[in-house]
Amino acid sequence: MHSANNGGETALVIAVVAVGLVVRQQLRTRPVRRIGSLIVPALLGVLGALGISFGIATVLKYHALTTLPVILLVVSLAVAAGFGVARARTVRMWRGPQGEVLRKGTATTTGLWLVSVGVHIGLSLWIDHAAGAGLLGTASLYAYLAIGLGTQNLLLRGRTAGLPRSTAPAPQAGE
């Protein structure tokens, strides 16, 4: 197996920073936006696709990509969606004074983010070990975050319909 220790250490630092920023945002009270809640997951998705392409290239540099790392990658991304579902259930949502829908993550939301990242790190190490070379698992971080955050945000947007309407005016489009 070819060592990619520097790549792994760099990826860990990037993971800590990215997750720190995401968790920080989750703990702030902020409005649920119709489009805005999907912009960050979309950007992460683009970075994720590039990262997975890079990861595949790092494996192919040494040998053919086998089935097991691909299956583990798919499992990892499915796990990200599962954590997104779980986190969406822990976010508090309510209508603000002007009728806008507000959201704020809880301590449980933070805990699920941390567990989710730990699971991704474990799965990414397993993917890289199964691949025998390269950084496919490590490079899948952005895709993992995109799917988890995207799933969570889509479910939160769906929950807004179930919130009681207030007598305040409805929020303007794009808010």
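Let me begin with the largest cavity, which is lined by A80, F83, R87, W113, S116, Y144, L145, G148 and L149. A cavity here is a set of points, on a 1 Å grid over the protein atoms alone, where a 1.4 Å probe fits but cannot get out, and its lining residues have an atom within 4 Å of a point.

The model is predicted, so local features need pLDDT of at least 70 and side-chain atom pairs count only at pLDDT 80 or more, while totals for chains, interfaces and linings use all residues. Residues are numbered from 1 along each chain as its sequence is written, and side-chain values use heavy atoms, with hydrogens and water left out.

The volume of the largest cavity is about 30 Å³, a volume being the space filled by probe spheres set on grid points that are joined across faces, edges and corners. Its lining comprises six nonpolar residues, two polar and one charged. In this scheme Ala, Val, Leu, Ile, Met, Phe, Trp, Tyr, Cys and Pro are nonpolar, Asp, Glu, Lys and Arg are charged, and the others, Gly among them, are polar.

Which helices supply the lining of the largest cavity? At least two residues each come from α3 (67–88), α4 and α5 (141–159), and α5 has the largest share, with four residues. Helices are DSSP runs of H or I of at least four residues, strands are runs of E of at least two, and both are numbered from the N terminus.

Turning to α5 itself, its 19 residues reach 27 Å from first C-alpha to last, close to the 27 Å expected at 1.5 Å a residue; the expected span is 1.5 Å times one less than the number of residues. Among the buried residues of α5 are Y144, L145, G148 and L149. Buried means under 20% relative accessible area, exposed over 50%, and partly exposed in between, with a 1.4 Å probe and protein chains only.

Next, the largest nonpolar core has 13 residues, of which I52, L73, L77, I127, L136 and Y144 touch the most other members. The helices α2 (36–60), α3, α4 and α5 each supply at least two residues of this core, and α3 gives the most, with five. Such a core is a set of buried Ala, Val, Leu, Ile, Met, Phe, Trp, Tyr and Cys residues joined through side-chain atoms within 4.5 Å.

Between L125 and L136 the C-alpha distance is 9.2 Å, at a separation of 11 residues in sequence.

Key:
On a 1 Å grid over the protein atoms alone, a cavity is a set of points where a 1.4 Å probe fits but cannot get out, and a pocket is an open set with protein on both sides within 12 Å along at least five of seven lines; lining residues have an atom within 4 Å of a point.
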